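Please look at the sequence and the structure first, and then read on.

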Amino acid sequence: MDLLRASLSGVFLGLLFHRLGLPGGAVVGAMLGTGLAQLLASPAPTPRGLDLAVQLAAGVLVGLSFRKELLSPKLLPYALLAALAFLALALLLAFLLVQALPSYILIIALVFALAPGGITGMGPLSQAEGGSPALVGVFHTVRVLALFLLVPLLARLLR
């Protein structure tokens with residue numbers, strides 16, 4: 001029953017945000033709705049295998065958008081440069097946060113929490129390396145929510 005409540009909360013808020021035309025409305029609303037349901041009532045367990053199904057569906061969806069021109073030799077170096085720049089920023093922020101936060105926050109967890117990448121990928125990687133998937137999840141959720149709201153607004157301003 002907890003799973004149904006959390007899922008319906010996510011679907012409802014996702015559809016509402018989408019209907020209102022908010023940037024990234026479906027994803028942001030679904031994350032927010034489900035997250036609020038998890039925080040305000042007894043948390044629902046994640047169904048076994050659901051994360052894999054969602055990752056596969058997201059991979060297929062992204063893969064369907066690939067085109068030859070996106071693999072242009074002119075574009076790929078910039079993509080690599082952007083990834084390396086964000087990774088360097090993540091390392092710098094992790095180092096600064098470790099200095100400011102209590103000792104139970106390990107730098108390895110912060111590197112995964114601040115690294116560019118998805119919630120579902122970085123959490124398990126962090127756990128495999130001795131980090132905290134929960135901390136990684138919190139950082140990535142906040143990052144995704146902020147970016148899903150701010151990047152589309154910035155894009156609209158740049159038109």
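## A left-handed helix crossing

Helix 2 and helix 7 cross in a left-handed manner, in a model that is predicted. The two elements, helix 2 spanning residues 25–40 and helix 7 spanning residues 133–158, pack at an angle of about 145 degrees, and their axes lie 10 Å apart.

On the side of helix 2, the contact is formed by Val27, Val28 and Met31, while helix 7 brings Thr141, Val144, Leu145, Phe148 and Leu149 to it.

Helix 5, which covers residues 107–114, is mostly covered, since six of its eight residues are buried. Those buried residues are Ala109, Leu110, Val111, Phe112, Ala113 and Leu114.

The largest nonpolar core has seven residues, namely Ala90, Ala94, Ala109, Leu110, Val111, Leu114 and Leu135. At least two residues of this core come from helix 4 (76–100), and at least two likewise from helix 5; the contribution of helix 5, at four residues, is the most that is given to this core. Apart from this, a second, separate core is made of five residues, including Ala113, Ala115, Met122 and Val136.

Which residues does alanine 94 contact, once its neighbours within four places in sequence are left aside? With those neighbours excluded, alanine 94 is in contact with Ile107, Leu110, Val111 and Leu114, and of these partners Leu110, Val111 and Leu114 are also listed, together with Ala94, in the largest nonpolar core.

How many salt bridges does a search of the whole structure find? The search finds one, and in this salt bridge the side chains of aspartate 2 and arginine 5 meet, with a distance of 3.4 Å from N to O.

Aspartate 2 and arginine 5 are about one helical turn apart, because they lie three residues from each other in helix 1 (residues 2–19). In general, an α-helix has 3.6 residues a turn, so residues three or four places apart point the same way.

Are the two partners buried, partly exposed or exposed? Aspartate 2 has a relative accessibility of 30% and therefore counts as partly exposed, and arginine 5, at 26% relative accessibility, likewise counts as partly exposed.

Key
Residues are numbered from 1 along each chain as its sequence is written. This is a predicted model: local features need pLDDT of at least 70, side-chain atom pairs count only at pLDDT 80 or more; totals for chains, interfaces and linings use all residues. Side-chain values use heavy atoms; hydrogens and water are left out. A salt bridge is a side-chain nitrogen of Lys or Arg within 4 Å of a carboxyl oxygen of Asp or Glu. Buried means under 20% relative accessible area, exposed over 50%, partly exposed in between (1.4 Å probe, protein chains only). A nonpolar core is a set of buried Ala, Val, Leu, Ile, Met, Phe, Trp, Tyr and Cys residues joined through side-chain atoms within 4.5 Å. Contact means heavy atoms within 4.5 Å. Axes are lines fitted to C-alpha atoms, for helices over the stretch in contact, and angles run from 0 to 180 degrees between N-to-C directions. A crossing is left-handed if the near helix is turned anticlockwise from the far one by less than a right angle, and right-handed if clockwise.
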